[in-house]
Amino acid sequence: MWLYAARRIVLTIPILLGVTIICFALVQIAPGDPIQNLLSPTASAADAARLRAAYGLDQPLVVQYVIWLGKVLVGNLGLSIANNAPVAGQVLHAFLNTLVIALISVVLAFVVSTIFGVLAAYRSGRLADRVITAVAVFGISVPPFWLGVILVILFAVNLSWLPATGMGASGSESFDYLHWDDFKFAIMPIVALALPPLGIMTRTTRAAVAEILNQDFVQTLRAKGLSERAVIVHALRNILPQAVAMLGLQLGYLIGGSVLVETVFTWPGTGYLLNKAVLTRDIPLLQGTILVLATAFVLINLAVDLVQSTIDPRIKRS
Amino acid sequence: MNDMSPPAVAAVPRPEPFVRVEDLRVTFVSRDATVRAVNGISFDLERGKVLCVIGESGSGKSVMMRSLLRLHPKGRTVIEGGMRVGEHDIASIGDRTMTKLRGSLVSMVFQEPMTALDPLYTVGEQIAETVRRHEKVSREAAWARALELLELVRVPSPERRLKAYPHELSGGLRQRIVIAMALSCRPSLLLADEPTTALDASVQIQILVLLRRIQREMGMAMIFVTHDLGVAAQIADEVAVMYAGRIIEYGDARDVLVAPKHPYTRAMLASTAKDQGRDHPLEAIAGSPPDLRALPDGCSFAPRCAHAGPDCTRAVPAPVTDLRRHMARCVRTRLKAGLLTFDPGVAGDPAVREGIDLAARSSPAHCASA
């Protein structure tokens with residue numbers, strides 16, 4: 001077990017290095033010369049060269065990368081162009097906002113999809129299966145930003161049950177999820193975020209449960225006299241590795257890909273930040289955000305692998 | 001179609017057999033087709049006896065076995081006829097009672113040991129789970145019982161093996177585990193569905209000897225499904241040969257395997273590779289088993305039978321049973337001095353045919369009052 005975990009962790013290091021290389025390259029690929037932007041139009045070539053040397057941009061790319069990586073490792077992601085504030089603080093803050101609602105959404109989707117999936121697999125072809133399949137297909141195919149707008153119209157504008165956007169009076173600094181006055185701001189983003197993973201995970205759970213129920217050992221379980229409830233426990237444990245993989249994937253997707261939902265609800269998370277950074281061409285901010293998101297994605301997958309190996313004894317061997 | 005329900009049971013009163021199956025029919029219904037997998041099977045089995053069911057793939061052997069545990073999916077299966085084990089009427093008891101009887105009164109060993117165990121639980125957990133399901137004992141007692149069972153089925157270093165996962169064991173060991181699990185609550189009837197088919201030849205014989213020994217020690221009744229005639233000869237007290245969902249020959253193991261009467265059994269015995277010369281091409285039964293969605297009229301084997309005539313397809317042949325309770329369902333068999341004989345010469349002679357029908361009707365022909 002520990003050997004497998006250690007090996008798996010060591011294997012993540014090159015992946016993370018790859019991530020930093022891509023993030024570094026992003027700035028190099030981006031059009032435009034930052035030095036030209038800093039200089040006044042009348043500056044001479046010598047001025048430009050001096051400034052270039054001051055920022056270390058005259059060094060070979062490899063050296064630049066190593067210097068940048070050293071800064072990243074101690075948590076220095078540079079300064080934002082837009083407001084001159086450290087990128088690290090902004091990204092971290094936004095990341096926490098995103099992470100909390102993404103986690104709640106994905107856990108919600110996981111629980112509901114597991115119940116739906118088992119029910120649909122057992123009632124295969126009957127009414128319950130069809131209703132659940134319809135909900136799942138709706139979840140997969142409805143664009144979340146459209147759903148977000150519809151939710152706002154329905155619950156904020158027409159019914160006035162929930163606030164439309166933002167993080168309320170507390171703001172993102174002292175937002176308290178355990179407080180209803182704050183939490184109600186998070187409800188609609190959570191629902192809009194949860195629906196697509198709910199649909200996808202319901203479909204995969206249904207397929208996985210149906211597949212497990214067809215396996216020989218389920219017949220052995222029934223033949224030895226287990227109740228159907230005990231059979232479901234066995235089936236659930238068997239789909240768990242797959243479900244956890246799905247959950248990790250969806251969590252990664254929500255953390256990185258919720259740009260649209262966060263923009264609709266002006267939820268100050270990483271998606272919102274990314275959108276802002278792109279629109280204002282704030283390259284350091286963009287770079288920092290992507291670096292954090294990609295790292296989170298890699299770490300989530302690492303966690304999924306480790307959890308899987310504790311569930312399925314066969315994984316440790318390979 | 002002829003009336004296929006078995007004629008009235010013989011006048012001689014016999015002790016109630018432990019297992020009685022009467023005119024069992026199993027039909028799988030789906031939107032596309034209706035598959036008649038079992039078409040009227042009757043047999044009796046006493047405690048302590050082994051019945052071997054022989055037949056090709058698709059002859060309904062496994063379906064019949066699963067019916068005895070009611071393991072078929074409910075919505076898509078129609079089970080008709082009578083099934084009784086001990087004092088329990090398997091055909092009519094409620095689902096909850098059935099669940100409790102599985103594993104305690106009737107147990108099953110499956111064909112594929114590689115996939116018959118849950119891969120995520122240790123072997124010990126799976127055996128203890130069965131024990132605790134049927135007997136109100138502590139976790140420790142169930143574990144101790146699991147250890148005893150592994151010793152019973154001769155698993156080497158059982159303490160260590162209890163903590164092993166199925167993928168860490170060989171096929172033979174896994175089959176021993178499956179057998180241990182089936183035996184965990186001392187069943188009175190053990191159903192073994194080709195338990196040696198998936199194993200190496202050397203392991204096959206070990207498992208066979210093991211099953212036979214335990215069956216004798218525990219005094220269980222056992223129904224052993226196989227398509228291997230050698231295996232049947234090793235283990236059977238009685239043999240039933242199935243074809244297209246019917247028992248076409250039944251009797252004492254020696255009678256059926258040494259002096260078979262039904263052309264199908266005869267052809268099957270003739271086609272074992274062991275007795276055939278090296279330089280001759282192997283003899284096999286021509287054709288393939290019938291489509292269970294559309295069974296032919298009359299004898300299902302007629303299209304492949306060397307002795308078939310027009311009289312074969314008229315109606316399903318009635319069972320003919322002799323003094324030794326040797327039964328065959330074939331229009332070419334008849335009773336001669338109280339014993340079943342196969343006579344290919346009677347083909348097409350209506351007078352002789354009538355005689356056979358009469359003989360069949362008047363004989364104690366509940367096809368297997370064991």
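**Ground rules.** I number residues from 1 along each chain as its sequence is written, and letter chains from A and number ligands from 1 in the order in which they are written. As the model is predicted, local features need pLDDT of at least 70 and side-chain atom pairs count only at pLDDT 80 or more, while totals for chains, interfaces and linings use all residues.

**The sheet.** I looked up the open sheet of chain B and found 4 strands in the order β2-β1-β4-β5, with antiparallel pairing. (Strands are DSSP runs of E, at least two residues, and helices are runs of H or I, at least four, numbered from the N terminus; strands pair if DSSP finds at least two bridges between them.) β2 (34–45) and β5 (88–89) of chain B each have a single partner strand, so one side of each lacks a neighbour in the sheet. β4 (residues 77–85) of chain B pairs with β5(B) over 2 bridges, and I noted B:His88 as the bridge partner of B:Val85.

**Helix α4(B).** I checked α4 (residues 139–152) of chain B next and counted 14 residues. B:Ala142, B:Arg145, B:Ala146, B:Leu149 and B:Leu150 are buried, meaning 20 or more other C-beta atoms, placed from the backbone, lie within 10 Å of a residue's own. Just after α4(B), B:Arg154 takes a positive phi of about 60°.

**Contact with chain A.** I found 22 residues from chain B and 19 residues from chain A in it; contact means C-beta atoms, placed from the backbone, within 7 Å. α3(B) gives the most to chain B's side, with 3 residues.

How values were computed:
Two residues are in contact if their C-beta atoms, placed from the backbone, lie within 7 Å. The expected span of a helix is 1.5 Å times one less than its number of residues. A residue is buried if 20 or more other C-beta atoms lie within 10 Å of its own, exposed if 12 or fewer, and partly exposed in between; C-beta atoms are placed from the backbone.
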